[in-house]
Amino acid sequence: MSKKAKLTLGIFLLSIVYMLFFMHPTMWRDESFTMALISHNFGDIIRLDAMDVHPPFYYLALKSFLNLTTFWTDSLFTQVVFARVFSYIVAILTFVVLSRTVKNLGVPRSHAIQWIGFFLAPSIMRYSTQIRMYALAALLLALLFNQLQHYDHSHKSGHIVLAVLFASLASYTHYFAAVAAGWMLFLYFIKFQLNRHDTHALLSSIMVFLIMFIPWGVVAYSQVQQVKSTYWIPDVTWGTVSGNFTNLFSDVFTENGGSVYAIVFLVLCIYPIVWAYFNMSKQFKIGLTMVISIFILTTLTGIIVSILVRPIYIARYGYPVYAMLIFFVMTIVAQMISRYKARLSNQYSSYLLLTAFTILIGINVGFLATNQFTRYVLPVGNLSQAVQGYQENPNQAIHVNPKQSVNTIVEKIVYIKSLDKEVIIKNFDIGHLVGNNNQALFHGVFDNVNVDMYKKQSKGS
């Protein structure tokens with residue numbers, strides 16, 4: 001089988017896996033929040049999101065995408081699946097952008113191992129199909145990285161203009177994407193200084209990047225004040241700090257003693273990184289150093305801010321840079337396999353590494369698929385039956401059982417809203433959904449929850 005045929009087969013099999021286990025209409029609470037928020041018009045999305053803790057660009061982009069792709073249906077089931085498709089398309093574009101970037105860094109071609117290893121790696125599968133902003137933030141950082149690489153080679157100002165644009169959009173997608181973008185611009189500024197390149201354009205771009213964030217920066221300050229006294233992110237301890245370094249590498253194993261799995265995976269990543277510094281091009285090694293540095297600096301920034309101000313960082317906030325790091329590691333592994341003919345010892349070590357990665361990733365995929373099936377795929381039938389019951393119910397207000405899980409409650413609220421019906425629920429703690437217990441945000445986003453009934457319950461409690 002030719003390499004092109006292998007790559008095509010890999011893409012086909014991956015698509016089947018994603019369709020079976022990830023393109024489901026059931027949602028966890030943050031995804032339900034997303035779908036409820038984008039049911040509003042663009043102006044209200046910005047207004048309501050100003051009360052949350054995330055910038056608005058992802059929500060605006062997702063609503064625009066769904067307006068173009070699901071205009072023909074009012075089915076929320078369909079819209080949820082298409083919302084996942086949006087993230088998957090964005091993840092594929094991230095892969096394409098990074099593939100072209102490393103090609104400019106001296107890597108001759110893409111490889112089936114590179115593709116399959118990237119999309120099946122821990123956390124990539126989950127976040128590349130979630131109805132949240134992490135996949136989009138990864139694409140924008142990849143585009144920023146790509147333009148800085150182009151500018152490094154050509155010194156054409158157009159690349160700086162695009163770099164500023166992508167950095168700004170990243171900052172309007174997630175705050176720690178903004179942190180990562182800032183570190184990336186700063187490190188390239190240092191690199192250009194050391195190489196005696198003209199840094200005026202990049203320095204100006206950093207200033208423009210900061211200025212462009214000022215409009216939402218005022219809102220960001222207000223958001224920080226809202227969550228300063230109370231928020232769901234736990235205090236900084238050795239456990240949370242180590243978790244911020246290992247969570248993304250252990251994926252669903254986090255709650256099942258996954259620290260050992262994460263350590264093994266991290267150790268396996270170290271060997272190809274070391275190999276790269278001895279065998280890959282100088283340009284690639286510099287790019288790899290940049291990605292590793294940005295990942296570490298972004299994580300350390302989150303930890304330091306959490307210590308000095310209040311807990312504000314969790315592992316998945318570092319996903320956009322993590323995705324770039326995993327891509328580089330899988331690119332190196334692919335190159336190790338393609339170069340095994342140089343020496344027999346390299347052949348054995350390369351295939352031993354590939355086997356170890358295959359076993360570890362395979363274990364993760366197996367557990368993740370099981371987790372997805374039991375928590376999200378299997379309940380699809382019950383959700384469909386419940387929604388059909390709500391649709392056939394002649395009452396305009398639907399009572400929702402408060403003894404269900406928070407994920408189930410919020411999911412049903414969103415589906416009932418899609419039927420243009422109200423929800424009545426007793427004793428629902430909105431703090432489980434909006435971490436700072438923001439009632440204005442909750443009732444603004446989930447405007448089908450009976451506000452009067454809620455107030456009566458609050459007075460009587």
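The protein chain folds into 21 helices and two strands, where helices (H or I, at least four residues) and strands (E, at least two) are DSSP runs numbered from the N terminus. This is a predicted model, in which local features need pLDDT of at least 70 and side-chain atom pairs count only at pLDDT 80 or more, while totals for chains, interfaces and linings use all residues. Residues are numbered from 1 along each chain as its sequence is written, and side-chain values use heavy atoms, with hydrogens and water left out.

As for confidence, pLDDT is the predictor's confidence in each residue, from 0 to 100. The protein chain averages 86, and 89% of the residues score at least 70.

Of the 461 residues in the protein chain, 54% are buried. Here buried means under 20% relative accessible area, exposed means over 50%, and partly exposed is in between (1.4 Å probe, protein chains only). Of the contacts with a separation of 6 or more, 78% come from residues 24 or more positions apart.

Now to the inside. A nonpolar core is a set of buried Ala, Val, Leu, Ile, Met, Phe, Trp, Tyr and Cys residues joined through side-chain atoms within 4.5 Å. The largest such core has 147 residues, and the members touching the most others are M35, L144, F284, F357 and F446. Helix α16 (residues 319-338) gives the most to this core, with 16 residues. There is also a second, separate core of six residues, A50, Y175, F213 and V219 among them.

F446 links several parts of the sequence. Leaving aside residues up to four places away in sequence, F446 touches S32, F33, A36, V410, I413, V414 and L433. L433 itself sits in the loop between β2 (422-424) and α20 (439-445), and with 11% relative accessibility it counts as buried. L433 and V410 are 23 residues apart in sequence, yet their C-alpha atoms are 8.2 Å apart in space.

Two helix pairs show how the elements pack. For these, axes are lines fitted to C-alpha atoms, for helices over the stretch in contact, and angles run from 0 to 180 degrees between N-to-C directions. Angles under 35 degrees count as roughly parallel, over 145 as roughly antiparallel, 65 to 115 as roughly perpendicular and the rest as oblique. Helix α2 (residues 29-37) packs on α4 at an angle of about 65°, with axes 10 Å apart, so α2 is roughly perpendicular to α4. In this pair, F33, T34, M35 and L37 of α2 meet Y58, Y59, L62 and L66 of α4. The axes of helix α18 (residues 380-392) and helix α19 (residues 406-418) come within 10 Å and cross at roughly 45°, and the two are therefore oblique to each other. Their contact involves L383, A386, V387 and Y390 from α18, along with E411, K412, Y415 and I416 from α19.

Helix α6 (residues 112-120) is mostly covered, with eight of its nine residues buried. The buried ones are A112, I113, Q114, W115, G117, F118, F119 and L120. The loop between α6 and α7 (124-127) holds S123, which has a positive phi of about 75° although it is not a glycine. S123 is buried, with a relative accessible area of 0%. D420, in the loop between α19 and β2, is also a residue other than glycine with a positive phi, near 60°. D420, though, is exposed, at a relative accessible area of 64%.

One more spot is S171, in helix α9 (residues 157-171). At 0% relative accessibility, S171 counts as buried. Its contacts, not counting residues up to four places away in sequence, are P55, A178, F209 and F213. S171 and G182 are eleven residues apart along the chain, and 8.9 Å separates their C-alpha atoms.

How values were computed
Contact = heavy atoms within 4.5 Å.
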